[in-house]
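Subject: Structure handover and notes

Dear colleague,

Please find below the structure I promised to pass on, followed by an account of what was found in it. I would be glad if you read the notes with the model open beside you.

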Amino acid sequence: MGRASYAGGGHREHFSHGRNPLLGLIVWLFPRRGSSHTISLSRGSRVGCVADSALLARTFDLALQARAAGDHPFGALLAVDGVVVAEALNRVTTSRDMTAHAETELVRVLERDHLLDHVLGGVVYASCEPCPQCVGAMFWAGVGHVVYGLSAARLNALAPAPDGSVHGFTIRAAEIGAAAVPPMRFEGPIDEDTAAQVHDGFWT
Ligand SMILES: [Zn+2]
């Protein structure tokens, strides 16, 4: 799928932390075989390589962390050559900020920690298809490639308004990305059944 560099074992290498020694605290190295992180390849998945699936699985873990903290179950991360550079959780409830979606929070982390240089050539992995707000935030940060788990359409079905109607956007992230200049590339849904499990019993 044009991402051969992510399957070549680059994740086994230590990521350059640049000039900020604190980055070591937030760099999450790709798990080695036998680690506690599970790799789920659902039947019929569009996933192109194991690294994609493992990184998505990490966003599902982040989403569960957000849920455990009392926030909405979403997570996102930026990876370069399969190595995680930064991670973020949804913080809508705990930060009393309704814009604190995981991908928008990721952009804030990248800016705060002087990591925006890593966006070019990196890939954002998100537990769910990003909403228009987050697509915009990532675009302004320079993100050009996003891989996600749950589709917005399935999320809308899982999290309806009280009257059962859709409460969210029906435009696809890929449609917004295609209209951007330069365009943004979106891949998903991937491992959607696993992605949906994170939301079990949360919205209803
Ligand atoms: Zn969003």
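Before the helix packing can be described, a convention is needed: axes are lines fitted to C-alpha atoms, for helices over the stretch in contact, and angles run from 0 to 180 degrees between N-to-C directions. Helices (H or I, at least four residues) and strands (E, at least two) are DSSP runs, numbered from the N terminus. Please bear in mind that this is a predicted model, in which local features need pLDDT of at least 70 and side-chain atom pairs count only at pLDDT 80 or more, while totals for chains, interfaces and linings use all residues. Residues are numbered from 1 along each chain as its sequence is written.

With that convention, H2 and helix H3 (residues 132-141) pack with their axes 8 Å apart and at an angle of about 25°. The two helices are therefore roughly parallel to each other, a term that covers angles under 35 degrees, whereas those over 145 count as roughly antiparallel, 65 to 115 as roughly perpendicular and the rest as oblique. The crossing of H2 and H3 is left-handed, meaning that the near helix is turned anticlockwise from the far one by less than a right angle, clockwise being right-handed. On the H2 side the contact is made by Glu103, Thr104, Val107 and Leu110, and on the H3 side by Gln133, Cys134, Ala137, Met138 and Ala141; two residues are in contact if their C-beta atoms, placed from the backbone, lie within 7 Å.

Turning to the overall fold, the protein chain has six helices and five strands, which follow one another in the pattern α-β-β-α-β-α-β-α-α-β-α. The five strands form an open sheet with mixed pairing, in the order E2-E1-E3-E4-E5, where two strands pair if DSSP finds at least two bridges between them. Strand E2 (83-89) and E5 are the edge strands, each pairing on one side only, and neighbouring strands of the sheet are turned by 20° against each other on average, direction ignored. E3 and E4 pair in the parallel sense over four bridges, with Ala126 opposite Tyr148 in E4. Strand E4 (residues 145-150) is also parallel to E5, to which three bridges join it, and here Val146 stands opposite Phe186 in E5. Helix H2 (residues 102-112) lies across strand E1 (75-80), E2 and strand E3 (123-128), and runs at about 120° to E2.

As for burial, a residue is buried if 20 or more other C-beta atoms lie within 10 Å of its own, exposed if 12 or fewer, and partly exposed in between, with C-beta atoms placed from the backbone. On this scale, buried residues make up 43% of the 204 residues in the protein chain. Five of the six residues of E4 are buried, so this strand is largely enclosed by the rest of the structure.

The largest nonpolar core holds 51 residues, of which Leu77, Leu78, Ala79, Leu106, Val124, Tyr125 and Val146 touch the most other members; such a core is a set of buried Ala, Val, Leu, Ile, Met, Phe, Trp, Tyr and Cys residues joined through C-beta atoms within 7 Å. Its largest share, nine residues, comes from helix H1 (residues 50-68). Beyond its neighbours within four places in sequence, Ala79 is in contact with Leu55, Val84, Val85, Gly122, Val123 and Tyr125.

Several local backbone features deserve a look. The peptide bond from Gly188 to Pro189 is cis, with omega near 0°, and Gly188 is found in the loop between strand E5 (185-187) and helix H6 (192-197). Gly188 counts as buried because it has 25 C-beta neighbours inside 10 Å, and, leaving aside neighbours within four places in sequence, Gly188 is in contact with Glu129, Val147, Tyr148, Gly149 and Ser151. A cis peptide bond also joins Val181 and Pro182, with omega about 0°, and Pro182 is placed in the loop between helix H5 (173-179) and E5.

Positive phi values occur in two residues other than glycine. Arg96, in the loop between E2 and H2, has phi near 50° and counts as exposed, with 8 C-beta neighbours inside 10 Å. His114, in the loop between H2 and E3, has a phi of about 60° and is partly exposed, with 13 other C-beta atoms within 10 Å.

With best wishes
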